[in-house]
Amino acid sequence: MKQTHVVSVPRVQRQQAATQLDAEAMIADARKRSLLKRLNALDWLLALAMVAGAGFALSRYHDYMNYYDKLVLVCTVPAFVTLGWRWKPARLLMACIAVLSLSAIQIYGGDLARADHAFFLRYFLSSQSAILWMSALFVLAALFYWIGTLSRSPTGAAIGSKMTWVAVLMGFVGLMVRWYESYLIGSDVGHIPISNLYEVFVLFSLITALFYLYYEQHYNMRSLGAFVLLVISAAVGFLMWYSISRDAQQIQPLVPALQSWWMKIHVPANFIGYGSFALSAMVGVAYLMKELGVLADRLPTLDVLDDVMYKSIAVGFAFFTIATIL
């Protein structure tokens, strides 16, 4: 009897472990099926457009890409498709970025001088114009968020949210067009626009805003926009000062130290971390104000604020680790 008991315990444990693994596999499979069931025609159209766009880029511009560039391009396809599937507003954002960027490229027609003469390039779609629109809209969005928060006006906060979305759109269009403009200057000058302080501050503003917009929709809250848009407006203020004092908006060739494939991964990973930490810092300010009773009835609960901070810090450390390794 004792031997039977000794032998049966590990057997029972193995059976329980196998049952648990089967249950976990079933749960994972159910989640996978539930995601696929939630997909509609627009989701599959997004995936098809991403694959087609990457294929076109590889076939048209493969001479300008090395092995690592092609690998990064291929890996971004499932990443952006998954983003669009899981966060529906990102689908429209990516589509608008593509349409406006391609429109700008079409208007340029390979002639950089058209930026001074073509109406839409001069006032809307050239990289400098688009980034100026981004900057103005971020500052106005911060103003409307504060109006909505202080006056308890849903309309003010809603306007601030929409302005933030448009600012993100114009900022990404500015970066995409700037990338194209760098190649119009010369094939040896062309590079991804994350190589100097001007470009990375644009990237920082966009990433911070995107993270905030995700949490805004996820928790159905807009009062935190008044805080998060402050740090973005500060970044925009520095961006404007740096542009005026150093003429930093001009596209310059890469210095030799930055002519490396890892820059295309290292810099974005770093600034995803910076954006996450900036978001968590401003949410922390809101948390302290709520604890002190300042605007307490207009801010989300402490549990929600704590959850946003925790997730933002976790994402920041994850991407900082990736950037450090690379």
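Predicted model: local features only at pLDDT ≥ 70, side-chain atom pairs only at ≥ 80, totals over all residues.
By residue class, the lining of the second largest pocket comprises five nonpolar, six polar and three charged residues.

## Overall architecture

The secondary structure of the chain consists of 11 helices and zero strands. Read along the sequence, the pattern is accordingly α-α-α-α-α-α-α-α-α-α-α. The chain has 326 residues, and 40% of them count as buried. Among contacts with a sequence separation of 6 or more, 72% are between residues 24 or more positions apart.

The buried residues of H9 are Gly225, Ala226, Phe227, Val228, Leu229, Ile232, Ser233, Ala235, Val236, Leu239, Tyr242 and Ser243. These buried residues pack against H6, H7, H8 and H10.

Helix H11 (302-325) has 24 residues and extends 35 Å from its first C-alpha to its last, close to the 34 Å expected at 1.5 Å a residue. Within H11, the buried positions are Leu305, Val308, Met309, Ser312, Gly316 and Ala323. The cover over these residues includes helix H8 (197-219) and H10.

Phe317 also lies in H11. With a relative accessibility of 52%, Phe317 counts as exposed, because the cut-off for that class is over 50%. The C-alpha atom of Phe317 is 8.6 Å from that of Phe277, although the two residues are 40 positions apart along the chain.

Thr149 belongs to helix H6. Its relative accessibility is 5%, so Thr149 counts as buried. Neighbours within four places in sequence aside, Thr149 is in contact with Ser223, Ala226 and Arg298.

Beyond its neighbours within four places in sequence, Tyr274 is in contact with Phe204 and Phe320. Tyr274 and Thr208 are 66 residues apart in sequence, yet their C-alpha atoms are separated by 8.0 Å.

The phi value of Asp247 is positive, near 55 degrees. Asp247 follows H9 and is found in the loop between H9 and helix H10 (263-291). The relative accessibility of Asp247 is 41%, so the residue counts as partly exposed.

Leu295 likewise has a positive phi, near 55 degrees. This residue is found in the loop between H10 and H11. In contrast to Asp247, which is partly exposed, Leu295 is buried, with a relative accessible area of 16%.

## Cysteines and disulfides

A disulfide is a covalent bond between the sulfur atoms of two cysteines. The structure holds zero disulfides. Cys75 is partly exposed, with a relative accessible area of 45%. Cys96 is partly exposed as well, at 29%.

## Accessibility of selected residues

The table gathers the relative accessible areas of individual residues discussed above.

| Residue | Relative accessible area | Class |
|---|---|---|
| Thr149 | 5% | buried |
| Leu295 | 16% | buried |
| Cys96 | 29% | partly exposed |
| Asp247 | 41% | partly exposed |
| Cys75 | 45% | partly exposed |
| Phe317 | 52% | exposed |

Leu295, at 16%, is buried because the class takes in values under 20%.

Notes. Residues numbered from 1 in each chain as written. Heavy atoms only, no water. Nonpolar A, V, L, I, M, F, W, Y, C, P; charged D, E, K, R; others polar. Helix = DSSP H or I, 4+ residues; strand = E, 2+ residues; numbered from the N terminus. Buried < 20%, exposed > 50% of the residue type's maximum accessible area, 1.4 Å probe, protein only. Contact = heavy atoms within 4.5 Å. Disulfide = S-S within 2.5 Å. Expected span 1.5 Å × (residues − 1).
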